Amino acid sequence: DFLFQLKLASSKEKNLSDRLKSAEESNRSDSHSLNSEIESLNEKLGAANGKNFSLEKKVSELTEKISEGETNRNQTNASLENLKNEMKNLSAAKNEIEIKLSNAREREEELTKKIKIQTHEIETLKLAAESKNKGSEEEKSEIGKLRLEEM
């Protein structure tokens, strides 16, 4: 009976030993599979970190470009405001010049009329003077004739 129990115990021990070996082998296989999966995940994580860094860099570059664009837009708006103000000033100056030009034309017309009137008056005075001179010459001539006759 003792021998039987010893054989039975030995058989159980062998069975347990076989199961332990099988479990260790399965554990090693699982461990290897897990290590491979961990390695693969680490590679993916590294790639994701690289992509993340690349994306962060792109975001940073785009943010910088947006900032530059906003600065350019602000400068353009300021330049546009300056141009609008210059246009207003030029328009006001143009209007002022047009008014002065119109006044100058009116004055020119007035002066032209005065010159025409004065020219006409001068012509009239010349004609009157010529007429008077002719009359004086005729009178002198008649006076001269009378004097000659008296002599």
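Of the 151 residues in the chain, 0% count as buried. The model is predicted, and its secondary structure amounts to one helix and zero strands. This helix, α1, covers residues 2–150. The chain exposes about 14,500 Å², of which carbon and sulfur atoms supply 55%.

Four salt bridges are present in the structure. One of them joins the side chains of Lys 14 and Asp 18, with an N to O distance of 3.7 Å. These two residues are four apart in helix α1, so about one helical turn separates them. Lys 14 is exposed, because its relative accessible area of 54% lies over 50%. Asp 18, at 38%, is partly exposed.

A further salt bridge links Glu 81 with Lys 84, whose closest N and O atoms are 4.0 Å apart. Here the spacing in helix α1 is three residues, again about one helical turn. Both partners are partly exposed, Glu 81 with a relative accessible area of 42% and Lys 84 with 43%. Lys 94 and Glu 98 also form a salt bridge, with 3.8 Å between the closest N and O atoms. They stand four residues apart in helix α1, which means a separation of about one helical turn. Glu 98 is partly exposed, at 41% relative accessibility.

Phe 2, Leu 3 and Leu 6 make up a nonpolar patch with about 360 Å² of accessible area together. Within it, Leu 3 belongs to helix α1 and is exposed, with a relative accessible area of 58%. A patch of negative charge is formed on the surface by Glu 106, Glu 108, Glu 109 and Glu 110; of these, Glu 109 is found in helix α1.

Note on methods: Residues are numbered from 1 along each chain as its sequence is written. This is a predicted model: local features need pLDDT of at least 70, side-chain atom pairs count only at pLDDT 80 or more; totals for chains, interfaces and linings use all residues. Side-chain values use heavy atoms; hydrogens and water are left out. Patches are made of residues with over 30% relative accessible area and no salt bridge: like charges are joined within 9 Å, nonpolar side chains (Val, Leu, Ile, Met, Phe, Trp, Tyr) within 5 Å. Accessible areas come from the Shrake-Rupley method with a 1.4 Å probe; for residues, only the protein chains shown count as cover. Lys and Arg count as positive and Asp and Glu as negative; His and the chain ends are not counted. The place of a charge is taken as NZ of Lys, CZ of Arg, CG of Asp or CD of Glu. Buried means under 20% relative accessible area, exposed over 50%, partly exposed in between (1.4 Å probe, protein chains only).
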